[in-house]
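Please load the model in your viewer and keep the selection tool at hand. The tour below goes stop by stop.

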Amino acid sequence: MRLFGLIGYPLSHSFSKAYFNQKFENEGVDAFYENYPIASIDEFPKLLAEQPALEGINITIPYKEVVIPFLHTSSDVVKKTGACNCIRIRNGQLEGFNTDVIGFEQSLLKSLKVDHKKALVLGTGGASKAVQYVLDKLGIGFTVISRKADPATGTLSYEELSFSNQQNATLWINTTPLGMYPNTDACPPMEYSSITNQHYLYDLVYNPAETMFLKMGKDRGAIIENGQDMLQIQAEEGWKIWNAA
Ligand SMILES: NC(=O)c1ccc[n+]([C@@H]2O[C@H](COP(=O)([O-])OP(=O)(O)OC[C@H]3O[C@@H](n4cnc5c(N)ncnc54)[C@H](OP(=O)(O)O)[C@@H]3O)[C@@H](O)[C@H]2O)c1
(Lines give C-alpha, C1' and ligand atoms only; values in the text may rest on other atoms or scores of the structure.)
Protein backbone atom coordinates (compact mmCIF):
# COMPACT_ATOMS: atom_id res chain seq x y z
CA MET A 1 0.00 0.00 0.00
CA ARG A 2 1.31 3.46 -0.93
CA LEU A 3 1.62 5.99 1.89
CA PHE A 4 1.08 9.76 1.86
CA GLY A 5 0.59 12.25 4.67
CA LEU A 6 0.38 15.71 6.13
CA ILE A 7 2.63 17.49 8.62
CA GLY A 8 1.55 20.55 10.58
CA TYR A 9 0.39 21.47 14.06
CA PRO A 10 -2.33 21.14 15.15
CA LEU A 11 -4.11 19.05 12.50
CA SER A 12 -7.51 18.63 14.11
CA HIS A 13 -9.43 20.35 11.28
CA SER A 14 -7.39 19.10 8.36
CA PHE A 15 -9.20 18.62 5.05
CA SER A 16 -6.53 16.53 3.31
CA LYS A 17 -6.79 13.20 5.13
CA ALA A 18 -10.52 12.82 4.51
CA TYR A 19 -10.19 14.14 0.94
CA PHE A 20 -7.40 11.78 -0.12
CA ASN A 21 -8.71 8.64 1.61
CA GLN A 22 -12.13 9.20 0.00
CA LYS A 23 -10.43 9.75 -3.36
CA PHE A 24 -8.39 6.52 -2.96
CA GLU A 25 -11.56 4.60 -2.14
CA ASN A 26 -13.54 6.11 -5.04
CA GLU A 27 -10.77 5.49 -7.54
CA GLY A 28 -9.68 2.07 -6.24
CA VAL A 29 -6.16 3.27 -5.41
CA ASP A 30 -4.26 1.07 -2.94
CA ALA A 31 -2.98 3.94 -0.78
CA PHE A 32 -3.50 5.59 2.60
CA TYR A 33 -3.14 9.22 3.73
CA GLU A 34 -2.21 9.86 7.36
CA ASN A 35 -1.96 12.95 9.58
CA TYR A 36 1.39 13.52 11.29
CA PRO A 37 0.91 16.34 13.83
CA ILE A 38 4.48 17.17 14.86
CA ALA A 39 4.96 19.77 17.60
CA SER A 40 8.27 20.98 16.13
CA ILE A 41 9.88 20.75 12.68
CA ASP A 42 12.86 19.17 14.49
CA GLU A 43 10.74 16.00 14.68
CA PHE A 44 10.57 15.77 10.88
CA PRO A 45 13.75 13.63 10.35
CA LYS A 46 12.51 11.15 12.99
CA LEU A 47 9.15 10.90 11.22
CA LEU A 48 10.87 10.20 7.89
CA ALA A 49 13.02 7.50 9.52
CA GLU A 50 9.95 5.89 11.13
CA GLN A 51 7.84 6.01 7.94
CA PRO A 52 10.18 4.92 5.11
CA ALA A 53 7.20 4.09 2.86
CA LEU A 54 6.13 7.77 2.63
CA GLU A 55 6.07 8.88 -1.03
CA GLY A 56 4.43 12.27 -0.63
CA ILE A 57 3.86 14.80 2.11
CA ASN A 58 1.75 17.93 2.33
CA ILE A 59 2.85 20.70 4.66
CA THR A 60 0.53 23.07 6.46
CA ILE A 61 0.67 25.72 9.20
CA PRO A 62 3.20 26.42 10.69
CA TYR A 63 5.88 24.55 8.67
CA LYS A 64 5.62 25.72 5.04
CA GLU A 65 8.70 27.93 5.38
CA VAL A 66 10.80 26.08 7.98
CA VAL A 67 10.57 22.81 6.04
CA ILE A 68 12.70 24.23 3.22
CA PRO A 69 16.15 23.45 4.78
CA PHE A 70 15.17 19.75 4.78
CA LEU A 71 14.61 19.65 0.99
CA HIS A 72 17.19 18.24 -1.44
CA THR A 73 15.67 20.10 -4.40
CA SER A 74 13.12 22.92 -4.70
CA SER A 75 10.92 24.03 -7.59
CA ASP A 76 11.36 27.58 -8.88
CA VAL A 77 8.09 28.56 -7.19
CA VAL A 78 9.35 27.31 -3.81
CA LYS A 79 12.55 29.29 -4.34
CA LYS A 80 10.61 32.45 -5.23
CA THR A 81 7.89 32.21 -2.56
CA GLY A 82 10.04 30.75 0.22
CA ALA A 83 7.14 28.39 0.98
CA CYS A 84 6.63 24.68 0.28
CA ASN A 85 3.35 22.79 0.79
CA CYS A 86 4.10 19.57 -1.11
CA ILE A 87 7.05 17.15 -1.00
CA ARG A 88 7.73 14.18 -3.27
CA ILE A 89 10.10 11.53 -1.88
CA ARG A 90 12.03 9.48 -4.41
CA ASN A 91 15.12 7.40 -3.55
CA GLY A 92 15.40 9.20 -0.22
CA GLN A 93 15.46 12.60 -1.93
CA LEU A 94 12.96 15.24 -0.78
CA GLU A 95 11.73 17.37 -3.71
CA GLY A 96 9.79 20.51 -2.71
CA PHE A 97 6.86 22.07 -4.60
CA ASN A 98 4.26 24.78 -3.98
CA THR A 99 0.79 23.84 -5.21
CA ASP A 100 -0.95 26.67 -3.28
CA VAL A 101 0.18 28.95 -6.11
CA ILE A 102 -1.62 27.07 -8.88
CA GLY A 103 -4.64 26.47 -6.60
CA PHE A 104 -4.98 30.16 -5.84
CA GLU A 105 -4.38 31.28 -9.43
CA GLN A 106 -6.93 28.95 -10.98
CA SER A 107 -9.64 29.70 -8.43
CA LEU A 108 -9.02 33.48 -8.47
CA LEU A 109 -9.29 33.58 -12.26
CA LYS A 110 -12.81 32.13 -12.25
CA SER A 111 -14.33 35.50 -11.25
CA LEU A 112 -11.52 37.96 -11.98
CA LYS A 113 -12.53 40.89 -14.24
CA VAL A 114 -10.25 43.15 -16.27
CA ASP A 115 -11.09 46.02 -13.89
CA HIS A 116 -9.50 44.20 -10.94
CA LYS A 117 -6.15 45.88 -11.40
CA LYS A 118 -5.29 46.84 -7.82
CA ALA A 119 -5.32 44.50 -4.84
CA LEU A 120 -4.96 44.53 -1.06
CA VAL A 121 -3.36 41.41 0.39
CA LEU A 122 -4.23 41.02 4.07
CA GLY A 123 -1.57 39.15 6.06
CA THR A 124 2.08 38.36 5.50
CA GLY A 125 2.41 34.60 6.19
CA GLY A 126 3.10 31.61 3.93
CA ALA A 127 -0.19 31.80 2.02
CA SER A 128 0.33 35.53 1.46
CA LYS A 129 3.63 34.73 -0.31
CA ALA A 130 1.82 32.39 -2.72
CA VAL A 131 -0.86 35.05 -3.36
CA GLN A 132 1.75 37.76 -3.99
CA TYR A 133 3.56 35.48 -6.45
CA VAL A 134 0.35 34.96 -8.44
CA LEU A 135 -0.58 38.67 -8.45
CA ASP A 136 2.90 39.50 -9.75
CA LYS A 137 2.51 36.86 -12.46
CA LEU A 138 -0.91 38.26 -13.48
CA GLY A 139 0.39 41.84 -13.50
CA ILE A 140 -1.99 42.98 -10.72
CA GLY A 141 -0.52 45.72 -8.52
CA PHE A 142 -0.97 45.11 -4.81
CA THR A 143 -0.33 46.49 -1.33
CA VAL A 144 0.33 44.12 1.55
CA ILE A 145 -1.49 44.93 4.81
CA SER A 146 -0.20 43.73 8.15
CA ARG A 147 -0.71 44.33 11.85
CA LYS A 148 2.80 45.81 11.70
CA ALA A 149 3.77 48.31 8.99
CA ASP A 150 7.10 47.81 7.25
CA PRO A 151 8.21 50.90 5.33
CA ALA A 152 11.15 48.95 3.85
CA THR A 153 8.80 46.66 1.88
CA GLY A 154 5.87 49.10 1.48
CA THR A 155 3.70 47.01 3.81
CA LEU A 156 0.99 49.16 5.42
CA SER A 157 -0.77 48.67 8.74
CA TYR A 158 -4.56 48.45 8.79
CA GLU A 159 -4.63 51.86 10.51
CA GLU A 160 -2.64 53.45 7.67
CA LEU A 161 -5.01 52.26 4.98
CA SER A 162 -7.25 55.12 3.81
CA PHE A 163 -10.90 54.83 2.80
CA SER A 164 -10.05 55.79 -0.79
CA ASN A 165 -7.26 53.19 -0.93
CA GLN A 166 -9.83 50.59 0.00
CA GLN A 167 -12.40 51.90 -2.46
CA ASN A 168 -9.90 52.00 -5.34
CA ALA A 169 -8.27 48.63 -4.72
CA THR A 170 -11.18 46.48 -5.86
CA LEU A 171 -9.57 43.09 -5.18
CA TRP A 172 -9.22 42.21 -1.47
CA ILE A 173 -7.59 38.93 -0.52
CA ASN A 174 -7.73 37.65 3.05
CA THR A 175 -4.73 35.42 3.81
CA THR A 176 -5.13 35.73 7.59
CA PRO A 177 -6.90 33.04 9.63
CA LEU A 178 -9.42 35.64 10.93
CA GLY A 179 -12.95 34.25 10.63
CA MET A 180 -11.88 30.61 10.52
CA TYR A 181 -13.90 28.13 12.60
CA PRO A 182 -14.44 28.34 15.58
CA ASN A 183 -13.78 32.14 15.62
CA THR A 184 -16.40 32.79 12.96
CA ASP A 185 -17.34 36.28 14.22
CA ALA A 186 -13.86 37.65 13.49
CA CYS A 187 -12.81 39.46 10.32
CA PRO A 188 -9.88 41.67 9.26
CA PRO A 189 -10.24 45.28 10.51
CA MET A 190 -11.12 46.83 7.15
CA GLU A 191 -13.41 49.76 6.31
CA TYR A 192 -16.17 47.59 4.88
CA SER A 193 -18.34 50.58 3.94
CA SER A 194 -15.78 51.32 1.18
CA ILE A 195 -16.82 48.16 -0.70
CA THR A 196 -18.67 48.68 -3.99
CA ASN A 197 -20.31 46.27 -6.40
CA GLN A 198 -17.06 46.45 -8.44
CA HIS A 199 -15.15 44.74 -5.61
CA TYR A 200 -14.01 41.11 -5.52
CA LEU A 201 -13.38 39.66 -2.07
CA TYR A 202 -11.42 36.41 -1.93
CA ASP A 203 -10.94 34.57 1.37
CA LEU A 204 -8.42 31.72 1.62
CA VAL A 205 -10.39 30.45 4.62
CA TYR A 206 -12.81 27.68 3.57
CA ASN A 207 -14.42 26.80 6.92
CA PRO A 208 -17.02 28.30 7.20
CA ALA A 209 -17.86 28.58 3.49
CA GLU A 210 -19.05 32.17 4.03
CA THR A 211 -16.80 33.98 6.48
CA MET A 212 -17.71 37.31 8.06
CA PHE A 213 -15.23 38.92 5.59
CA LEU A 214 -17.11 37.46 2.61
CA LYS A 215 -20.51 38.27 4.10
CA MET A 216 -19.47 41.94 4.44
CA GLY A 217 -18.60 41.92 0.72
CA LYS A 218 -21.69 40.04 -0.40
CA ASP A 219 -23.97 42.43 1.52
CA ARG A 220 -22.48 45.30 -0.53
CA GLY A 221 -22.79 43.56 -3.90
CA ALA A 222 -19.19 42.39 -4.26
CA ILE A 223 -18.12 39.15 -5.99
CA ILE A 224 -16.99 36.67 -3.35
CA GLU A 225 -14.95 33.44 -3.40
CA ASN A 226 -13.78 31.20 -0.56
CA GLY A 227 -10.72 28.91 -0.35
CA GLN A 228 -12.52 25.62 -1.08
CA ASP A 229 -11.61 25.38 -4.78
CA MET A 230 -8.04 26.44 -4.05
CA LEU A 231 -7.78 23.65 -1.51
CA GLN A 232 -9.11 21.04 -3.90
CA ILE A 233 -6.95 22.22 -6.82
CA GLN A 234 -3.77 22.22 -4.70
CA ALA A 235 -4.55 18.69 -3.49
CA GLU A 236 -5.06 17.39 -7.05
CA GLU A 237 -1.88 19.13 -8.23
CA GLY A 238 -0.01 17.37 -5.40
CA TRP A 239 -1.45 14.02 -6.53
CA LYS A 240 -0.21 14.69 -10.09
CA ILE A 241 3.28 15.51 -8.77
CA TRP A 242 3.42 12.33 -6.66
CA ASN A 243 2.46 10.25 -9.71
CA ALA A 244 4.52 11.99 -12.38
CA ALA A 245 6.92 9.75 -14.28
N1 LIG B 1 -7.67 27.46 0.77
C2 LIG B 1 -6.45 26.98 0.76
O3 LIG B 1 -6.07 26.12 -0.04
C4 LIG B 1 -5.46 27.54 1.74
C5 LIG B 1 -4.08 27.37 1.51
C6 LIG B 1 -3.20 27.93 2.41
C7 LIG B 1 -3.68 28.62 3.52
N8 LIG B 1 -5.01 28.76 3.71
C9 LIG B 1 -5.54 29.50 4.87
O10 LIG B 1 -4.94 30.77 4.89
C11 LIG B 1 -4.76 31.20 6.23
C12 LIG B 1 -3.31 31.61 6.46
O13 LIG B 1 -2.43 30.53 6.27
P14 LIG B 1 -0.84 30.76 6.38
O15 LIG B 1 -0.23 29.43 6.12
O16 LIG B 1 -0.40 31.90 5.55
O17 LIG B 1 -0.71 31.15 7.92
P18 LIG B 1 0.45 32.01 8.60
O19 LIG B 1 1.76 31.74 7.95
O20 LIG B 1 0.29 31.78 10.06
O21 LIG B 1 0.10 33.54 8.23
C22 LIG B 1 -1.10 34.16 8.58
C23 LIG B 1 -0.90 35.68 8.59
O24 LIG B 1 -2.12 36.26 9.01
C25 LIG B 1 -1.88 37.37 9.85
N26 LIG B 1 -2.56 37.16 11.12
C27 LIG B 1 -2.45 36.10 11.95
N28 LIG B 1 -3.23 36.28 13.03
C29 LIG B 1 -3.84 37.49 12.88
C30 LIG B 1 -4.74 38.24 13.66
N31 LIG B 1 -5.18 37.79 14.84
N32 LIG B 1 -5.16 39.44 13.20
C33 LIG B 1 -4.72 39.91 12.00
N34 LIG B 1 -3.83 39.23 11.22
C35 LIG B 1 -3.42 38.04 11.66
C36 LIG B 1 -0.38 37.48 10.08
O37 LIG B 1 0.11 38.56 9.30
P38 LIG B 1 0.62 39.91 10.02
O39 LIG B 1 1.41 39.46 11.22
O40 LIG B 1 1.45 40.54 8.99
O41 LIG B 1 -0.57 40.71 10.40
C42 LIG B 1 0.16 36.14 9.57
O43 LIG B 1 1.39 36.25 8.95
C44 LIG B 1 -5.22 30.03 7.12
O45 LIG B 1 -6.54 30.29 7.52
C46 LIG B 1 -5.17 28.85 6.19
O47 LIG B 1 -6.10 27.84 6.55
C48 LIG B 1 -5.92 28.23 2.84
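Two strands count as paired if DSSP finds at least two bridges between them; helices (H or I, at least four residues) and strands (E, at least two) are DSSP runs, numbered from the N terminus. The model is predicted, so to speak of local features pLDDT of at least 70 is needed, side-chain atom pairs count only at pLDDT 80 or more, and totals for chains, interfaces and linings use all residues. Residues are numbered from 1 along each chain as its sequence is written.

Select strand E1 (residues 2–8) and strand E3 (residues 54–59): five bridges join them, and they run parallel. Within this pair, Gly 5 stands opposite Ile 57 of E3.

Move to Pro 10, in the loop between E1 and helix H1 (16–27). The peptide bond from Tyr 9 to Pro 10 is cis, with omega near -10°. A cis bond also joins Asn 207 and Pro 208, with omega about 10°; Pro 208 lies in the loop between strand E11 (200–203) and helix H7 (212–218). Then pick Asn 91, in the loop between E5 and strand E6 (93–97). Phi of Asn 91 is near 50°, a positive value in a residue other than glycine. Most residues other than glycine have a negative phi, and most peptide bonds are trans. Asn 91 counts as exposed because it has 5 C-beta neighbours inside 10 Å. The cut-offs use C-beta atoms placed from the backbone: 20 or more others within 10 Å make a residue buried, 12 or fewer exposed, and counts in between partly exposed.

**The open sheet**

Display the six strands in the order E9-E8-E7-E10-E11-E12, an open sheet with parallel pairing. Strand E9 (156–157) and strand E12 (223–225) stand at the edges with a single partner strand each, so one side of each has no neighbour in the sheet. Inside the sheet, four bridges join strand E7 (residues 118–122) to strand E10 (residues 171–174). Ala 119 stands opposite Leu 171 in E10.

**The core**

Which residues have the most contacts inside the largest nonpolar core? They are Cys 84, Val 121, Ala 130, Val 131, Val 134, Ile 173 and Leu 201, in a core of 48 residues. Helix H5 (residues 126–138) gives the largest share, six residues. A nonpolar core is a set of buried Ala, Val, Leu, Ile, Met, Phe, Trp, Tyr and Cys residues joined through C-beta atoms within 7 Å.

**Around the ligand**

Now select the ligand: 25 residues surround it, and the closest are Gly 123, Gly 125, Ala 127, Ser 146 and Gly 227.

Finally, colour domain 1 (2–98) and domain 2 (102–229); the bounds come from an automatic or database domain assignment. Their C-alpha centres lie 27 Å apart. The contact takes nine residues from domain 1 and six residues from domain 2, where contact means C-beta atoms, placed from the backbone, within 7 Å.

Definitions and conventions: Near = placed C-beta within 6 Å. Contact = placed C-beta atoms within 7 Å.
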